Amino acid sequence: MSYLRLEKAVMTNLQESLRREFLRTNRSGAYSSSTLVDCNTRKYHGLLVVPVPELDDENHVLLSSLDCTVIQHGAEFNLGLHKYQGNNFSPNGHKYIREFDASKVPTTTYRVGGVILKKEVIFQHYEDRILIRYTLVDAHSATTLRFRPFLAFRSVRQFTHENMTASREYQEVDNGIKTCMYAGYPDLYMQFSKKNEFIFHPDWYRGIEYPKEQERGYASNEDLYVPGYFEMPIKKGESIIFAASTSQCKTSTLKKLFDEEVDDRVPRDNFYHCLVTAAHQFHKREKNDDRYLLAGYPWFKVRARDTFIALPGLTLAIGEVDYFEFVMKTAEKALREFMEGKPLSVVKDIVKYIEKGGHPNLRLDENGLLYSNGRDRAVTWMNSTANGKPVVPRSGYIVEFNALWYNALKFCAAMATEQKDTKSATHLETLAAKVKQSFVETFVNEYGYLLDYVDGNMMDWSVRPNMIFAVALDYSPLSQDQMKSVVDICTRELLTPKGLRSLSPKSGGYNPIYVGPQTQRDYAYHQGTAWPWLGGFYMEACLKLYKRSRLSFIERQLVGYEDEMDYHALGTISELFDGNPPFHGRGAMSFAMNVAEILRTLKLIDKYSYQK
């Protein structure tokens, strides 16, 4: 039985199916996404969403959706679904769905009377091309398929509306057409593996509505352009491939291409394989062969902090050392451009760069700690802003910055010792010892946890998860008892089934529900919401301190994440979760750091399971 299989009762219930989303990517920045019933509920949804660097650095929805209609004896059965204003859905194609199976290739099976039609969707790797295979499994009489494409040609952050500027021109190509609505955009090629007839019948479908945008306090409706429709007969047992792309393909090769892409996929037959597939979706390979990690979908881009946090889990934890090296080589070029230093060891160079005061907002003080000004501009991962100011103005000696600083010094000292560089090793160990003493004096309080940040006489006593890094990292400035105290308080006040809360319910300003307009969400973003990636460091800290005795506890904690595999975006983990029950997933549908830390935790479980 399939691990990700949803039956008719779920698929035909819009309250259930519309909140479940699916994501497909090409590992080069393009993606395809919608709900499981192919009713777009976000402005970011689309069948073919691609970067258009000639216009800007955003993704753009070219092909919003493709409606398929089954025709028998002159009767038409449209399998599409769109939401219009006034909570009206049309044409209600979801009622024909018999099941949805995403074990390897997302597959929807429709039944219309005696007709059983199977639809499989796949995104070609490293090409801006979506492929859909339609197979007529059963039919008792002559059957025709009609395909109506809904075009947008707009940024994922905007909407399109009926206008006189949009071009209606098209040209016939091999088994299809190419068209382009606006200057500056690439041509959209829509082709089939079989000869067909295209009927030019231009029209605008007005007032299509996206409820996810309504929930977030944004504008929520647009008009989509339909240039006409394609029509062709199909026989029982026959398969037809549809391809939408920014480049023309040879249609005689489409069936072979689809089969090759299917063979290249890892089955989503368990929790681990779902996460591995999700990990690959964050890959981004540029034309110059530089490799990156996207921070998440659908709106995140490449971000340095997210890359370095997610990189071990998305690569090393699943045995993909090559991609780790590719990303690090790309990142090193950017780091050296920033530091303008000469090549040595990149880690040593970063430490020297900070020591010499090269960083514009990291000051090394006499006590060995790093000081950063975050009063007017957010400098940590807790970076939400309101009215141009940080919601959480973390400034001064920031706890995780200095935990990472101590870890980096000890790591570099170990490297220098291994390389028999005694002078560097001695210097680094001396500085690390000073940091250790100052860290304890500055952050450890009488209640057994760590202050979140200290800026002169200003001390933040809020119980936040950032202190967990001082325990989880390989080198900790804390004693064993201090580390256990930190973990115990995180367990009592911050732990949820979806990771660590960003703020304890006992602290002032606790705001755990991430809903509503942008400003309302900004104030909740780091004030009580739960983050799975922080849970990864928490679980590592537990295993570090308690070894095998905490294995069963960690395994039970992971059940909360496995529950997400078929609940929000299938096979992946949302950006964040409400800090209170029932811990709903919110924000971006797929978040790199969360997937990474769960994968790394699974690797740690294996490691500690075999330790005596």
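A cavity here is a set of points, on a 1 Å grid over the protein atoms alone, where a 1.4 Å probe fits but cannot get out, and lining residues have an atom within 4 Å of a point. A volume is the space filled by probe spheres set on the points, which are joined across faces, edges and corners. The model is a predicted one: local features need pLDDT of at least 70 and side-chain atom pairs pLDDT 80 or more, while totals for chains, interfaces and linings use all residues. Residues are numbered from 1 along each chain as its sequence is written, and side-chain values use heavy atoms, with hydrogens and water left out.

I listed 20 lining residues for the largest cavity, with Asp 38, Leu 47, Ser 65, Leu 66 and Lys 119 nearest its centre. Strand 5 gives the largest share of this lining, five residues. Strands are DSSP runs (E, at least two residues), numbered from the N terminus. By class I noted eight nonpolar, eight polar and four charged residues in the lining; Ala, Val, Leu, Ile, Met, Phe, Trp, Tyr, Cys and Pro count as nonpolar, Asp, Glu, Lys and Arg as charged, and the others, Gly among them, as polar.

The second largest cavity has a volume of about 70 Å³. Among the residues that line it I found Asp 38 and Lys 119 again, along with Phe 22 and Arg 24. Strand 2 (21–25), strand 3 and strand 11 each supply at least two of its lining residues.

**Asp 578.** I placed Asp 578 in the loop between strand 33 (576–577) and strand 34 (585–586). Beyond four places in sequence, Asp 578 is in contact (heavy atoms within 4.5 Å) with residues including Pro 512, Tyr 514 and His 584.

**Core.** The largest nonpolar core has 178 residues, and I found that Leu 314, Trp 533 and Tyr 538 touch the most other members. A nonpolar core is a set of buried Ala, Val, Leu, Ile, Met, Phe, Trp, Tyr and Cys residues joined through side-chain atoms within 4.5 Å. Another core, of 10 residues, lies apart from it and includes Leu 131 and Phe 258.

Notes:
Helices (H or I, at least four residues) and strands (E, at least two) are DSSP runs, numbered from the N terminus. Buried means under 20% relative accessible area, exposed over 50%, partly exposed in between (1.4 Å probe, protein chains only). On a 1 Å grid over the protein atoms alone, a cavity is a set of points where a 1.4 Å probe fits but cannot get out, and a pocket is an open set with protein on both sides within 12 Å along at least five of seven lines; lining residues have an atom within 4 Å of a point.
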